[in-house]
Amino acid sequence: GGAVGTGFIDAVSGIVNRGCHNPPCGTGALDGGLERSANFNKVLEAFFGGVIPDVSAPSPTPGDDSPTGADLGDVPTPSTPQPTRQPVSPTTDAGLIINSSTFIELKMSLEASREAIDNDLFLYQTPSFQWIPSTVYRYDDFMESLYIMASDGVASKKLYIGEDVENGHVYGMVNIAAFLAQSMKETIQYDACDENSWDLVGGKYPLSNACGQLGQSYQDYHCSDEEAHMECPVDPNMKITGVTHAKWYGAPGPLFCQPKTEEQPFSGFWDHLYECNKGWANPPEFCSDYEDQKAGRYDQSVSYANTAGRTDVEGCCWWGRGVIQTSGVCNFGKLNYFLGARAAEEGRPSRYPTVDFCKDPEIICSSSEYKELKWIAGMFYWLESVQTYNEGGWDYLTELRAFVDGGAVGTG
C-alpha cells in the first residue's frame, strides 16, 4: 500500500527530538516533525516509488531483536561470497549477515536507488536558495558505513536490516528511510559535518557556542554510572578547529576550542554584520577566516558569553559532528571504547585501531581515509537511542514492522 500515514515517523521524530515517542516530554514540544515526515515520504518514494512491497510473512513477535529476525545459521551462503570492504569469512556472524538474502536484497535495492539518493535526497540549500547535491554526504560513504554497522555493529548492537522472509528487506529499508529522514533534516540540508554556530545572543554569535548552544554544556554530557569508564577525559590543552560551517552571507566561521592564555583569557564573538571585503581601503582588507567568506569576523577584543554564561572555549571540543551530530564526552568516549584506539589498546576488537576519538573528535569530519565515520557516528546513535527504544508500550522495531505490514498507513 501507499505510505499515507504519519503516526510512525511522528513517533520517531519525538524520540530523536525530545527523547520520547509522544511529546511534549523531556525538553518540550516536538520541533521539526513536519520536515522529518516530508523527508521520510521523499525517501520512501525514492526507494519504492511510493508503493511499499508486501512482505510475505507476519512480523516476528516482540522481543526478537536479532539483526535480521532470522537464525543466521540457517541462511544458505551463496556460492560466490558477496564483495565486502574488508575480508570477512562467510562463516562468521558478520559474513553470514552480509551473505544473507536479506542483506543482498537490501543492498541491491539501495544500489537501484543510488542516483536518486545522491541527486534527489542528499541535497543542501545554497545561499542563493538552490538545492544541489551535498559535497559532504555521498552514497559511497553511506554504504561503507552500512556494511560495517549491519555486519559488525557496536557493542553487540547492529543496524536492523529486516527479516528472513520474502521482501523481508523492506523492513530494513524503512528503518534506513527513518534514519535518513532525520539525517536530511539535521545536517545534509546544510552540507555540514561540524555543528554550525547558530545560537544568537544579543545580536552576536558567541565563540563559546563551541561549548554548547541553547544553554547546553557538551563537556558535561557524562555517561551513566555503569558506563562512566567509557567517556573521554576533558583535556584543557586540546586545540581543534572544525572543518565545516554555515555558508550564508556573514555566517560564523567554524567552531573551535583552545586553552586560555595570558594574552587571551576569554573568548569573544562572531560579528556577522562586519564588512570584511574592503579592497578600496588603505590598507585593503579582505575576508580571510574561511574559504568563500563574504562578510563577518572573529572579534576577540571583549569577553562575550554564550547562553549558558561561558566566556572561554577551553576544553570545549565536544560539539556535534557527523550526520546526526554526535556530541559530548560520553558519546565520543563510547565510539573510542568500542570502535577506536582505546578498544585496540585494551585488547578488544577495533574497527579503527589508529583512530582516537577522544584525542581527536574532529576526525569524524576531517578524515579523508575514513570518510564513512560521519555516517558511523550517526548510525551508532541510531542503534543506541532509536532501534532499542521501548517505552510506554511503544517499541520501535515492533511499530516499524506493524507500519510496513499495515500498508504503511501509520501506527501512531
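Me: Which residues are linked in a network of salt bridges?

Reply: Start with the general idea. Side chains of opposite charge can pair when their charged atoms come close. Here, a network of salt bridges links Lys157, Glu227, Lys334 and Glu384. Keep in mind that this is a predicted model.

Me: How many salt bridges does a search of the whole structure find?

Reply: The search finds 15 salt bridges in the whole structure. Glutamate 384 pairs with lysine 157, and their closest N and O atoms are 3.5 Å apart.

Me: Where in the chain do glutamate 384 and lysine 157 lie?

Reply: Glutamate 384 is in helix α11, residues 373-387. Lysine 157 is in the loop between α6 and α7. The pair links distant parts of the chain, 227 residues apart.

Me: Does glutamate 384 count as buried or partly exposed?

Reply: Glutamate 384 has 23% relative accessibility, so it counts as partly exposed. Lysine 157 is at 28%, so it is partly exposed as well. The cut-off for buried is under 20%.

Me: Which side chain meets glutamate 163 in a salt bridge?

Reply: Arginine 401 does, at 3.0 Å from N to O. Arginine 401 sits in helix α12 (residues 396-405), and glutamate 163 in the loop between α6 and α7, so the bridge ties together parts that are 238 residues apart in sequence. Arginine 401 has a relative accessible area of 2%, so it is buried. Glutamate 163, at 4%, also counts as buried.

Me: What does arginine 351 form with aspartate 152?

Reply: A salt bridge, with the closest N and O atoms 2.4 Å apart. Arginine 351 lies in the loop between α9 (341-345) and α10. Aspartate 152 lies in the loop between α6 (139-151) and α7. They are 199 residues apart. Arginine 351 counts as buried at 19%. Aspartate 152 is partly exposed at 36%.

Me: How many disulfides does the count come to?

Reply: In general, a disulfide is a covalent bond between the sulfur atoms of two cysteines. The count here is six disulfides. One of them joins cysteine 193 and cysteine 365, with sulfur atoms 2.1 Å apart. Cysteine 193 is in the loop between α7 (169-186) and β3 (205-206), and cysteine 365 is in helix α10 (residues 363-366), so the bond ties together parts 172 residues apart in sequence.

Me: Is the link of cysteine 193 and cysteine 365 left-handed or right-handed?

Reply: Read the angle about the S-S bond. For cysteine 193 and cysteine 365, it is -85 degrees, and the link is left-handed. For cysteine 211 and cysteine 316, the torsion is about 90 degrees, so that disulfide is right-handed. Cysteine 211 is in the loop between β3 and β4 (240-241), and cysteine 316 is in the loop between β7 (297-299) and α8 (328-338). Cysteine 257 and cysteine 317 have a torsion of about 100 degrees, so their disulfide is right-handed.

Me: Why is α7 largely enclosed by the rest of the structure?

Reply: Count its buried residues. In α7, 17 of the 18 residues are buried, so the rest of the structure largely encloses this helix. At 1.5 Å a residue, α7 should span 26 Å, and its end C-alpha atoms are 26 Å apart, which agrees.

Terms used
Residues are numbered from 1 along each chain as its sequence is written. This is a predicted model: local features need pLDDT of at least 70, side-chain atom pairs count only at pLDDT 80 or more; totals for chains, interfaces and linings use all residues. Side-chain values use heavy atoms; hydrogens and water are left out. A disulfide is a pair of cysteine sulfur atoms within 2.5 Å. Helices (H or I, at least four residues) and strands (E, at least two) are DSSP runs, numbered from the N terminus. The expected span of a helix is 1.5 Å times one less than its number of residues. Buried means under 20% relative accessible area, exposed over 50%, partly exposed in between (1.4 Å probe, protein chains only). A salt bridge is a side-chain nitrogen of Lys or Arg within 4 Å of a carboxyl oxygen of Asp or Glu.
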